[in-house]
Amino acid sequence: MTRLNQIELAVAGTILAVSPWVIYAAPHEATMGLVYKIFFFHFPSAWIYLIGAIVAGVCSAIFLFGGRRNMDSWALAAAEMTVLFGAMTLVTGPLWARKAWGVWWVWDARLTSSLIVWMVFVAYLILRRFGGPGSEKLGAGMALFGLASVPFIFVSVNVWRTLHPQTSVIPTLPVSMGRPLWFCFTAMFLLFLALLSLRARLERQRGRIEELYLAEDEA
Amino acid sequence: MNAFLRVALLVVRKDLMVEARSFELVTTTLFFAVTVVLVFAFGLVREGRAVDDVAAAVLWIAMAFSGTLALGRTFERERQADTLRALMLAPADRPAIYAGKLAGMLLLLGLVELVLVPLVGLWFQAPVFQFPGMLIALLVAGTTGFAAVGTLFAAMLVRARSRDVLLPILLYPITVPVMIAGVRGTAALFQGTPDWELARFWLALLLFFDVVFVTLALWTFEPVMTE
């Protein structure tokens with residue numbers, strides 16, 4: 001673990017530890033009262049999920065067309081982060097929905113899109129895990145297709161359903177709600193960066209060990 | 001451009017000639033599609049007749065399932081005879097090989113749909129012959145999108161382990177827009193009063209999907225298939 005990773009994890013840990021008090025200090029919301037406060041975890045997870053997906057897709061593209069092996073490690077790490085934060089989003093969302101809308105799940109635009117994109121990345125991880133040798137390139141191709149399909153998924157599902165609150169509410173948030181939001185967002189983002197770099201390095205080292213084993217076998 | 005077309009047509013011809021010897025792929029895929037529709041028919045029957053508005057869904061799901069099987073088995077054939085490596089070694093434009101494979105797959109799926117559409121119309125009481133032009137357009141656009149992604153993934157997975165189950169796992173999430181657009185567009189046509197605007201919108205989305213993904217597939221076929 002590098003010095004930077006340690007700092008990132010320490011700061012993220014501190015912020016997350018302090019966050020319950022900051023969230024408690026935020027005012028109640030007009031219609032939902034106390035329940036909406038899960039939004040302070042749901043919103044950052046959702047954004048990090050999206051960022052992770054983009055990073056994974058871009059790194060896959062660079063790996064596929066540029067041939068830089070390191071990029072593949074970053075792509076795998078980013079995909080794992082995407083699945084992790086996506087799972088968090090898909091769990092906190094229904095928990096909130098149950099209280100706010102009365103149902104655990106609805107097939108509306110954003111929920112369905114998030115679920116499908118999440119499944120694309122789970123499929124990517126399954127491919128990497130069970131695809132056997134050579135699945136790095138296959139995974140990269142798949143991640144690229146996954147990223148390309150995101151706008152289509154969103155448009156097609158958007159025309160199909162729409163019930164989710166619009167994101168345009170964010171700029172109009174009062175400062176008392178904005179503070180805990182960006183507080184939690186910072187924590188999650190630092191966590192994401194730390195885990196991403198750690199996992200990518202782990203993957204690079206695993207690849208190197210594998211190459212050494214193979215070289216030794218051939219020698 | 002000429003060389004591209006020539007290679008693609010050669011690949012299609014090769015596939016057709018191999019298929020013409022036994023018609024194994026065509027017969028089995030067709031019959032599988034029929035059984036899928038049958039299973040859905042039994043699953044969705046209430047008081048002796050099918051639930052309303054499921055015809056479009058059944059049509060597209062049957063296409064997706066039989067398409068997945070057909071893709072797997074086409075490339076399994078290539079793998080067994082090791083012809084895929086021969087194709088890769090040939091001094092031919094790689095995207096042209098992909099285009100040829102895609103064309104072959106479209107022919108097969110087109111044939112399957114030729115049987116599926118009347119069958120679904122019969123068993124699910126859907127007005128499949130009312131607007132043939134639009135229905136054909138939706139089917140062609142949707143099948144192209146599905147087959148474009150499917151051909152690339154199936155070719156990609158030829159040497160992978162667990163390739164049989166990995167193909168649907170990879171393919172279905174990415175082709176969700178095709179399924180949504182296809183089913184919704186077809187349903188808009190089969191309604192009591194058809195919604196033309198909506199059907200046209202879904203067709204436009206399908207065509208856009210096709211353009212983007214065929215281009216992407218042509219582009220990524222070579223790097224993904226080579227070491």
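Okay, let's start with one residue: B:Thr144 sits in helix α6 of chain B. Helices here are DSSP runs of H or I with at least four residues, strands are E runs of at least two, and both are numbered from the N terminus. Before I go on, this is a predicted model, where local features need pLDDT of at least 70 and side-chain atom pairs count only at pLDDT 80 or more, while totals for chains, interfaces and linings use all residues. Residues are numbered from 1 along each chain as its sequence is written, and chains are lettered from A and ligands numbered from 1 in the order in which they are written.

Back to our residue. Is B:Thr144 buried or exposed? Buried, because 23 other C-beta atoms lie within 10 Å. The cut-offs go like this: 20 or more other C-beta atoms within 10 Å of a residue's own is buried, 12 or fewer is exposed, in between is partly exposed, and the C-beta atoms are placed from the backbone. If you skip neighbours within four places in sequence, B:Thr144 is in contact with B:Leu106 and B:Asp210. Contact just says that two C-beta atoms, placed from the backbone, lie within 7 Å. And B:Gly182, 38 residues apart from B:Thr144 in sequence, is 11 Å apart from B:Thr144 in space, C-alpha to C-alpha.

Now look at a helix pair in chain B. α3(B), residues 55-80, and α5(B), residues 94-123, pack at an angle of about 150°, with axes 10 Å apart. So α3(B) is roughly antiparallel to α5(B). The axes are lines fitted to C-alpha atoms, for helices over the stretch in contact, and angles run from 0 to 180 degrees between N-to-C directions. Over 145 degrees counts as roughly antiparallel, under 35 as roughly parallel, 65 to 115 as roughly perpendicular, and the rest as oblique.

Who touches whom? On the α3(B) side, the residues include B:Leu59, B:Met63 and B:Ala70, and on the α5(B) side, they include B:Leu109, B:Glu113 and B:Val117. That contact divides into 14 nonpolar, 3 polar and 1 charged. Here Ala, Val, Leu, Ile, Met, Phe, Trp, Tyr, Cys and Pro are nonpolar, Asp, Glu, Lys and Arg are charged, and the others, Gly among them, are polar.

α5(B) has 30 residues and reaches 43 Å from its first C-alpha to its last, close to the expected 44 Å. The expected span is 1.5 Å times one less than the number of residues. After α5(B) comes B:Gln125, with a positive phi near 50°.

Over to chain A, which has 6 helices and 0 strands. Of its 219 residues, 40% count as buried. One of the buried ones is A:Ala109, with 20 other C-beta atoms within 10 Å. A:Ala109 is in α4(A), residues 109-130, and its C-alpha is separated by 8.3 Å from that of A:Val155, 46 residues apart along the chain. Just after α3(A), A:Gly102 has a positive phi of about 90°.
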